[in-house]
Amino acid sequence: MYFNRDNWEEYLTAFRETFQTFCSTDPDRFPIDCRSGDGYWVRYTGSKLRAEFSCNQHGKDSFVWSSSEVQVDLKFRYNFEARRGEVRVAREMRQRCPRLHPWHYPKIAEGEALWIMKKLANQIEKDFYGEPPKTNKSIKEVYWHENECAECEACLLERCPRVRRMPQPNRIRGRDGYNVNNLQNIDWALLDENGHVFHIK
């Protein structure tokens, strides 16, 4: 597992709130994995998320620190076999305890799961459904915290503060535009770390 299980309910609630408003689209617009012939898992990274970290190796009292530079990788695809859209939490970037140095996953702050799910839904809608609907822009409160690069997994992977574009040799681009005879209302689901399916309803 590559994320803090304590964040799961917030991810699930946020997913169900944001992935139920899509109109119809042509599933063939989504990319295909040339190795399996099924949908290609596309990475989407949310950055500058607020979170707390806690290290319980300090005797009776845990050592807690906060950061506003946390990154979370989500992935999505259209599952051509199951005929549904799928999202999963691929990875939360860890930080090391600045005192004892074990790695820890974040406990994301309230509202951050909803923010990243909305960003992902907007990106999917823009890329695969056409132009996203006009909505009121929400203002995300950000506070600055200078990460110690030696204690930040994202920094050590050279993807902080900017996420690097990675080559995708196994991705086959989907159709440009629509086939009007293939428009469908796609049901979306969130998968947990064991592949269990959680539907919107």
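Student: Where does His 104 lie?

Tutor: His 104 lies in strand β6, residues 103-104. Strands here are DSSP E runs of at least two residues, helices are H or I runs of at least four, and both are numbered from the N terminus.

Student: Before I go on, what sort of model is this?

Tutor: This is a predicted model: local features need pLDDT of at least 70, side-chain atom pairs count only at pLDDT 80 or more, and totals for chains, interfaces and linings use all residues. Residues are numbered from 1 along each chain as its sequence is written, and side-chain values use heavy atoms, with hydrogens and water left out.

Student: Ok, back to His 104. Buried or exposed?

Tutor: His 104 is buried, with a relative accessible area of 12%. Buried means under 20% relative accessible area, exposed means over 50%, and partly exposed is in between, using a 1.4 Å probe and protein chains only.

Student: Which residues is His 104 in contact with?

Tutor: Leaving aside neighbours within four places in sequence, His 104 is in contact with Phe 53, Ser 54, Cys 55, Trp 65, Arg 94, Gln 95 and Cys 97. Contact means heavy atoms within 4.5 Å.

Student: What about Ser 54, where does that one lie?

Tutor: Ser 54 lies in strand β2, residues 42-55. Ser 54 is partly exposed, at 39% relative accessible area. The C-alpha atoms of Ser 54 and His 104 are separated by 7.2 Å, though the two are 50 residues apart along the chain. A polar atom of the His 104 side chain also lies 3.4 Å from the backbone oxygen of Ser 54.

Student: And what else does Ser 54 touch?

Tutor: Not counting residues up to four places away in sequence, Ser 54 touches Ser 62, Phe 63, Val 64 and Trp 65, along with His 104.

Student: Staying in β2, what's up with the phi of Lys 48?

Tutor: Lys 48 lies in strand β2, and its phi is near 55 degrees, a positive value in a residue other than glycine. Most residues other than glycine have a negative phi. Lys 48 is partly exposed, with a relative accessible area of 28%.

Student: Which loop holds Arg 83?

Tutor: Arg 83 has its place in the loop between β3 and β4 (84-92). Arg 83 also has a positive phi, about 60 degrees, although it is not a glycine. With a relative accessible area of 55%, Arg 83 is exposed.

Student: Now β3 itself. Where is Asn 79 found?

Tutor: Asn 79 is found in strand β3, which covers residues 63-79. Asn 79 counts as buried, at 7% relative accessibility. A polar atom of the Asn 79 side chain lies 3.0 Å from the backbone nitrogen of Glu 81. Leaving aside neighbours within four places in sequence, Asn 79 is in contact with Asp 38, Arg 84 and Glu 86.

Student: Switching topic: how far apart in space are Ile 32 and Asp 61?

Tutor: Ile 32 and Asp 61 are 49 Å apart, C-alpha to C-alpha, and 29 residues apart in sequence. Ile 32 is found in strand β1, residues 32-33. Beyond residues up to four places away in sequence, Ile 32 touches several residues, including Asp 38, Phe 80 and Ile 172.

Student: And Ala 14, which helix is that in?

Tutor: Ala 14 is found in helix α1, residues 8-18. Ala 14 counts as buried, at 4% relative accessibility. Ala 14 and Lys 118 are 104 residues apart in sequence, with 8.0 Å between their C-alpha atoms. Not counting residues up to four places away in sequence, Ala 14 touches Ala 113, Leu 114 and Met 117.

Student: Let's zoom out. How many helices and strands does the chain have?

Tutor: The chain has three helices and 10 strands. From the N terminus on, the order is α-β-β-β-β-β-β-β-α-α-β-β-β.

Student: How many of the residues count as buried?

Tutor: Of the 201 residues of the chain, 44% count as buried.

Student: Last one: what box do the C-alpha atoms fill?

Tutor: Taken along the principal axes, the C-alpha atoms fill a box of roughly 65 × 35 × 30 Å. Also, of the contacts between residues at least 6 apart in sequence, 75% join residues at least 24 apart.

Conventions. A polar contact is a pair of N or O atoms within 3.5 Å; within protein, one must be able to donate a hydrogen and the other to accept it, and residues adjacent in sequence count only if both atoms are side-chain atoms.
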